[in-house]
Amino acid sequence: DEWFSRGKKLPEDAGADTVDFPKRTTPAKGYELLFQPEVVRIYISLLKESKTPAILEASAGAIQNLCAGSWTYGRYIRSALRQEKGLSAIADLLTHDSERVVKATSGALRNLAVDLRNKELIGKHAIPNLVKNLPGGQQTPAKNLSEDTVVSILNTINEVIVDNLEAAKKLRETQGIEKLVLINKSGNRSEREVRAAALVLQTVWGYKELRKPLEKEGWKKSDFQVNLSNASRTQGGNSFDDSTL
């Protein structure tokens with residue numbers, strides 16, 4: 001309790017490219033070992049070196065959990081992963097053949113994007129691969145991913161583009177709008193997928209700077225509103241959004 005209460009709801013500093021872990025007066029022990037700087041390096045090494053899907057999934061999942069919420073060490077770990085050049089190693093796994101790895105990676109990126117500097121970098125480098133995993137579109141057919149994974153990817157995209165105009169532009173440039181509208185209106189996606197896609201579309205439409213370019217491409221305001229009338233009622237997996245853990 002002492003460790004977890006040392007700081008709550010600390011704001012992420014947009015101007016801070018580095019955040020130093022608190023100086024320790026005694027060696028870490030017990031559960032404290034789970035969130036020390038050395039652990040970050042171990043996970044990054046596993047993500048870069050391992051070829052085993054279960055290890056990659058578990059490592060990305062551990063990072064997702066460590067970066068969840070507003071606790072003090074989540075903030076430090078989000079920054080440490082950037083300092084240790086771990087963001088690219090995580091983003092690269094979005095192209096992995098294993099769906100479980102893709103889903104865990106997506107969740108990790110969503111929590112990492114709470115850090116504003118991470119959000120900027122993820123927006124630049126991970127949006128194209130996130131979009132490629134979405135169903136539909138005119139580009140190379142995406143993998144046939146489950147509802148849970150598609151919803152996870154959509155939620156990650158939304159986290160990245162909120163308060164991040166450049167990432168929203170990148171989404172538009174990579175056929176993201178086309179895929180999102182297709183999910184929203186095709187009638188063969190679940191209600192959870194439609195709601196998640198509509199949330200991203202509403203975030204995009206919220207940028208006034210993008211409305212004229214989008215309208216020139218033929219999109220209308222109605223394309224960016226939720227359309228549940230044709231959504232499939234088939235629900236797969238959990239009905240809740242496991243957004244952090």
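**Pocket, rings and helices in a predicted model**

Student: Which residues line the second largest pocket?
Tutor: The model is predicted. The second largest pocket has a volume of about 170 Å³. Its lining consists of Leu 81, Arg 82, Lys 85, Gly 86, Leu 87, Ser 88, Ala 91, Leu 109, Leu 121, Ile 122, His 125 and Ala 126.

Student: Which helix gives the largest share of the lining of the second largest pocket?
Tutor: α3 (72–83), α4 (86–92) and α6 (116–125) each supply at least two lining residues. The largest share is four residues, and it comes from α4.

Student: How do the residues of that lining divide into nonpolar, polar and charged?
Tutor: The lining includes Leu 81, Ser 88 and Lys 85. Gly counts as polar here. The division is seven nonpolar, three polar and two charged.

Student: What share of the residues in the chain is buried?
Tutor: The accessible surface comes to about 12300 Å², with 51% of it belonging to carbon and sulfur atoms. Buried means under 20% relative accessible area. Of the 245 residues, the buried share is 49%.

Student: What kind of aromatic pair do Phe 35 and Trp 71 form?
Tutor: The count of aromatic pairs comes to six. In the pair of Phe 35 and Trp 71, the centres are 5.2 Å apart and the planes stand at 90°. Planes over 60 degrees apart get one label, so this pair is edge-to-face.

Student: How many residues apart are Phe 35 and Trp 71?
Tutor: Their pair links distant parts of the chain. Phe 35 sits in the segment before α1 (37–49), and Trp 71 in the loop between α2 and α3. Their separation is 36 residues.

Student: Are Phe 35 and Trp 71 buried or exposed? And which cluster do ring pairs form?
Tutor: Both Phe 35 and Trp 71 are buried. Ring pairs link them into a cluster made of Tyr 31, Phe 35, Trp 71, Tyr 73 and Tyr 76.

Student: Is Glu 193 buried or exposed?
Tutor: Glu 193 belongs to helix α11 (residues 191–205). Leaving aside neighbours within four places, Glu 193 contacts Glu 147, Val 150, Val 151, Leu 154 and Ile 183. Its relative accessible area is 4%, under the 20% limit, so Glu 193 is buried.

Student: What is the relative accessible area of Leu 201?
Tutor: Leu 201 is placed in helix α11. Not counting residues up to four places away, Leu 201 touches Ile 177, Leu 180, Val 181, Asn 184, Asp 223 and Phe 224. Leu 201 is buried, and its relative accessible area is 0%.

Student: What distance separates the C-alpha atoms of Leu 201 and Val 226?
Tutor: Leu 201 and Val 226 are 25 residues apart along the chain. Their C-alpha atoms are separated by 8.5 Å.

Note on methods:
Residues numbered from 1 in each chain as written. Predicted model: local features only at pLDDT ≥ 70, side-chain atom pairs only at ≥ 80, totals over all residues. Heavy atoms only, no water. 1 Å grid on protein atoms, 1.4 Å probe; cavity = no way out; pocket = protein on both sides within 12 Å on 5 of 7 lines; lining within 4 Å. Points joined across faces, edges and corners; volume = space filled by probe spheres on them. Phe/Tyr/Trp six-rings, centres within 6.5 Å; stacked < 30°, edge-to-face > 60°. Buried < 20%, exposed > 50% of the residue type's maximum accessible area, 1.4 Å probe, protein only. Areas by Shrake-Rupley, 256 points an atom, 1.4 Å probe, with all protein chains shown as cover. Contact = heavy atoms within 4.5 Å.
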